[in-house]
Amino acid sequence: PNGVDPLFLNDRVLDLPNLSGAIHIIFASAFVKGKGLKEIILAIAMLRDKGYNIDIRAVGRGLPFRNENKKYLQEIETIANQYDWVHLENYMNKRDLKMLFRESHIFVMPSKPETFGLVYLEAMAMGCITIASRNGGFDGIIKDGVNGFLCEEGNENELSDIIKHIRTMSEAELLIISKRAMETATELTDKRVAKNYIDSVFNTSK
């Protein structure tokens with residue numbers, strides 16, 4: 001794993017807002033097909049059709065050094081234009097992203113298998129209830145129902161069920177998961193991860 005920037009460990013507030021009102025979801029990544037943004041929007045649309053008050057802020061359009069598929073990006077923008085509850089944001093620096101995490105309830109990115117998604121840790125560090133992909137590069141960090149939730153990538157039906165389940169949880173239950181997420185991130189700061197790597201190298205060479 002990579003380590004989370006201590007920036008995300010400062011000024012945290014362990015006080016998840018009550019989800020009985022609007023649920024604010026955040027996604028942060030390049031707008032590419034494997035990250036699951038389209039499926040997230042479709043899952044939320046299903047829930048809104050059932051009366052759930054949910055919005056999503058997707059951050060990362062124009063992310064530097066990532067080649068966005070123009071056709072896929074246009075598809076996302078076309079879908080987003082149909083809904084006033086979808087907000088597409090350009091890439092932003094970590095300090096601004098940190099503030100959006102603080103204002104959000106749930107971080108979702110059920111992407112296809114990848115080595116490690118540092119943005120998950122950043123969201124967890126800020127106390128967001130985090131949903132990652134099952135059998136991806138992060139399910140060794142998130143324990144389903146303990147410090148976050150896991151979902152099959154590309155499965156908007158399962159994703160909508162998970163969000164519905166989160167909505168039914170009590171504030172006390174959500175705070176426990178939020179606290180565990182923050183504790184997980186605290187154990188994986190960049191300095192601690194680097195030290196673990198160095199210790200592993202020296203122990204192996206002995």
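Predicted model: local features only at pLDDT ≥ 70, side-chain atom pairs only at ≥ 80, totals over all residues.
## The nonpolar core

Let's start with the inside. The largest nonpolar core has 63 residues, and the members touching the most others are Ile25, Leu37, Ile56, Phe101, Phe107 and Ile131. As general background, nonpolar side chains tend to be buried together in soluble globular proteins.

Phe107 is worth a click in your viewer. Setting aside neighbours within four places in sequence, its contacts include Phe101 and Ile131, both of which are also on the list of core residues that touch the most other members. Phe107 also meets Ile26, Phe27 and Ala28, plus Val119, Tyr120 and Ala123, and the run Cys128, Ile129 and Thr130.

## How α1 and α2 pack

Helix α1 pairs up with helix α2 (residues 70-80): the axes sit 10 Å apart at an angle of about 15°. Sorted by class, their contact has five nonpolar and two charged residues, with no polar ones.

Who meets whom? On the α1 side you'll find Leu37, Lys38 and Ile41, and across from them in α2 are Tyr72, Glu75, Ile76 and Ile79. The crossing itself is left-handed.

## A buried glutamate

Glu122 belongs to helix α4, residues 118-125. Its relative accessibility is 3%, so Glu122 counts as buried, the cut-off being under 20%.

What does Glu122 touch, beyond residues up to four places away in sequence? The list is Val4, Phe8, Lys94, Leu97 and Phe101.

Note on methods: Residues numbered from 1 in each chain as written. Heavy atoms only, no water. Helix = DSSP H or I, 4+ residues; strand = E, 2+ residues; numbered from the N terminus. Buried < 20%, exposed > 50% of the residue type's maximum accessible area, 1.4 Å probe, protein only. Contact = heavy atoms within 4.5 Å. Core = buried A, V, L, I, M, F, W, Y, C linked by side-chain atoms within 4.5 Å. Axes fitted to C-alpha atoms, helices over the stretch in contact; angles between N-to-C directions. Left-handed = near helix turned anticlockwise from the far one by under 90°. Nonpolar A, V, L, I, M, F, W, Y, C, P; charged D, E, K, R; others polar.
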